[in-house]
Amino acid sequence: MSDRSLEQTVSALIQQEGLPDSYAETVEKTILPLADRICALHDTEKQPIVVGIHGAQGTGKSTLTLFLREILLRHRNRSTANFSLDDIYLTRAEREGLAERVHPLFKTRGVPGTHDVALGQQVLHSLRSAAPEDATPIPAFDKSRDDRVPRDQWPVFGGRAEVILLEGWCLDARPETDCALAEPMNPLEENEDPDGVWRSYVNDQLKGEYRQFFDEIDFLVMLKAPSLECVLEWRRLQEQKLAKKIRNAPKRGELHGNAQDLRIMTNEEVGRFVMHYERVTRACLAEMPGRADVLINVAEDHSLGLPQFREA
């Protein structure tokens, strides 16, 4: 990185995110080439583009999105907006209604069917077509409350976005065949969805409304985890770190914070939690690498490999 101001931006972000200094090399070898490819596509299309960033839990989607946004915005002069599938979860009341109407497993947010994709479509449309004086509220979700942030507290993006970064664990997932759904994939499906109602509904979502939403993506980036077993291990480590953080947190002021609301999952509970995502994650790991515009392999230590660009 010969650009001094870019070095400063990267250094500040590394510090802000608590990343190792070696992440600067990841920026140089992986993220900058990706940013330049996005700029080239925008120059060719001469209109706003949607960049989809797919990756299983723990692959570093949010970190990649943050660095890409700041580089594009500050150092490539591209007006860049971003949001996540996590930001457009249905409200808790809506998910409770879905759980009563369709299947109790929909109380757990995450799978296709638990997002407000119509809201996502509206946000994309607004960001792509806004006049300079327009403002687009970007949805936000508070995981500590398991509910959407009130609309008047959503961050606002001014004007039209030239690049929109959209990230999510099931982004651009494809539906499975109906016969693939017949066999339960894990104990959760076997014991809690024996008739296949839940997984069939999830699959139908991928055929319908989600497909229309994902068709808005112009350029798909896949952060590929080594395996689902690795994702499970990452999730368990994350939970252990959270437990340590809460144990070490000061007791004073707990009533005003969320520490007492955060219940740490056991290894068994993490295993059950990840089973909700197993079917779609395994399907994506199997078929998406062959069609993603960019494939970035994620190592077991979370480090990112070099971007592999698919030539048209």
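View 1. The model is predicted: local features need pLDDT of at least 70, side-chain atom pairs count only at pLDDT 80 or more, and totals for chains, interfaces and linings use all residues. Residues are numbered from 1 along each chain as its sequence is written, and side-chain values use heavy atoms, with hydrogens and water left out.

**View 2. C284 and its closest cysteine, C170**. C284 is buried, at a relative accessible area of 3%. Its sulfur lies 7.5 Å from that of C170, too far for a bond. Zero disulfides turn up in a search of the whole structure, a disulfide being a pair of cysteine sulfur atoms within 2.5 Å.

**View 3. Helix α11, residues 267-287**. Helices (H or I, at least four residues) and strands (E, at least two) are DSSP runs, numbered from the N terminus. The 21 residues of α11 reach 29 Å from first C-alpha to last, close to the 30 Å expected at 1.5 Å a residue; the expected span is 1.5 Å times one less than the number of residues. A kink of about 50 degrees is centred on Y277, the bend at a residue being the angle between axes fitted to the seven residues ending there and the seven starting there. Buried residues of α11 include V270, V274, Y277, R279 and L285. Among the elements that cover the buried residues of α11 are β1 (49-55), α8 (197-207) and α10 (228-248).

**View 4. T281 in helix α11**. T281 has 5% relative accessibility and counts as buried. Not counting residues up to four places away in sequence, T281 touches A56, W169 and L228; contact means heavy atoms within 4.5 Å.

**View 5. F83 in the largest nonpolar core**. A nonpolar core is a set of buried Ala, Val, Leu, Ile, Met, Phe, Trp, Tyr and Cys residues joined through side-chain atoms within 4.5 Å. Of the 45 residues in the largest core, F83, L127 and F213 touch the most other members. Helix α5 gives the largest share, five residues. Leaving aside neighbours within four places in sequence, the contacts of F83 include I88, V123, L127, I164 and F213. Another core, of 36 residues, lies apart and has V27, L34, V51 and V221 among its members.

Key. Buried < 20%, exposed > 50% of the residue type's maximum accessible area, 1.4 Å probe, protein only.
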